[in-house]
Amino acid sequence: MSTENDWFGPDAATFGDRLAGAREAAGMTQSDLARRLGVKKSTIAAWENDLSEPRANRLSMMAGMVNVSIMWLLTGEGEGMDEPFDADEERPELAGVVAELRAIRGEMRASAERAARLEKKLRLMLEETK
């Protein structure tokens, strides 16, 4: 699969997106997965909404339950799922929209990283003045 069309890759999807996709492909609801992992449904929802992340032991169990590798869940690389559909073949008019959304997501990620670096720099500067 090319990077450009890597629907679940790091430039197109988050951990939560990949988890939700893999869970749905495995035919499980959030409640099903929560019950099997021994966590609350709200915990699964938080993971899928990228509000929190599972600990390593839960991540390992979860990857096995949804038939993907831990690495794929974390990064989008490795043994995982194919994209849900090929936008270029089924709906060619969507390809441009999908490409633009991916570009925006990349720009947002870069801006978030830049903001985090500035925040760290500011904190260091504030600590030096104390």
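Trainee: As I understand it, helices are DSSP runs of H or I with at least four residues, strands are runs of E with at least two, and both are numbered from the N terminus. How many helices and strands are there in the protein?

Mentor: There are seven helices and zero strands, and the pattern along the sequence reads α-α-α-α-α-α-α. Please note that this is a predicted model, in which local features need pLDDT of at least 70 and side-chain atom pairs count only at pLDDT 80 or more, while totals for chains, interfaces and linings use all residues. Residues are numbered from 1 along each chain as its sequence is written, and side-chain values use heavy atoms, with hydrogens and water left out.

Trainee: What share of the residues is buried?

Mentor: Of the 130 residues in the protein, 28% are buried. Buried means under 20% relative accessible area, exposed means over 50%, and partly exposed is in between (1.4 Å probe, protein chains only).

Trainee: Now the charges: how many salt bridges are there?

Mentor: The count is four, a salt bridge being a side-chain nitrogen of Lys or Arg within 4 Å of a carboxyl oxygen of Asp or Glu. One network of them links Arg23, Glu24 and Glu48.

Trainee: How far apart are the closest N and O atoms of glutamate 48 and arginine 23?

Mentor: They are 2.5 Å apart. Glutamate 48 lies in helix H3 (residues 41-48) and arginine 23 in helix H1 (residues 15-25), so the pair ties together parts that are 25 residues apart in sequence.

Trainee: And is glutamate 24 buried or exposed?

Mentor: Glutamate 24 is exposed, at 52% relative accessible area, whereas arginine 23 is buried, at 7%. The closest N and O atoms of that pair are 3.8 Å apart.

Trainee: Changing topic, at what angle do the axes of helix H2 and helix H4 cross?

Mentor: The axes of H2 (residues 30-37) and H4 (residues 56-65) cross at roughly 125 degrees and come within 10 Å. Axes are lines fitted to C-alpha atoms, for helices over the stretch in contact, with angles from 0 to 180 degrees between N-to-C directions. H2 is therefore oblique to H4, since under 35 degrees counts as roughly parallel, over 145 as roughly antiparallel, 65 to 115 as roughly perpendicular and the rest as oblique.

Trainee: Where is isoleucine 104 found?

Mentor: Isoleucine 104 is in helix H7 (residues 92-129), and is partly exposed at 36% relative accessible area.
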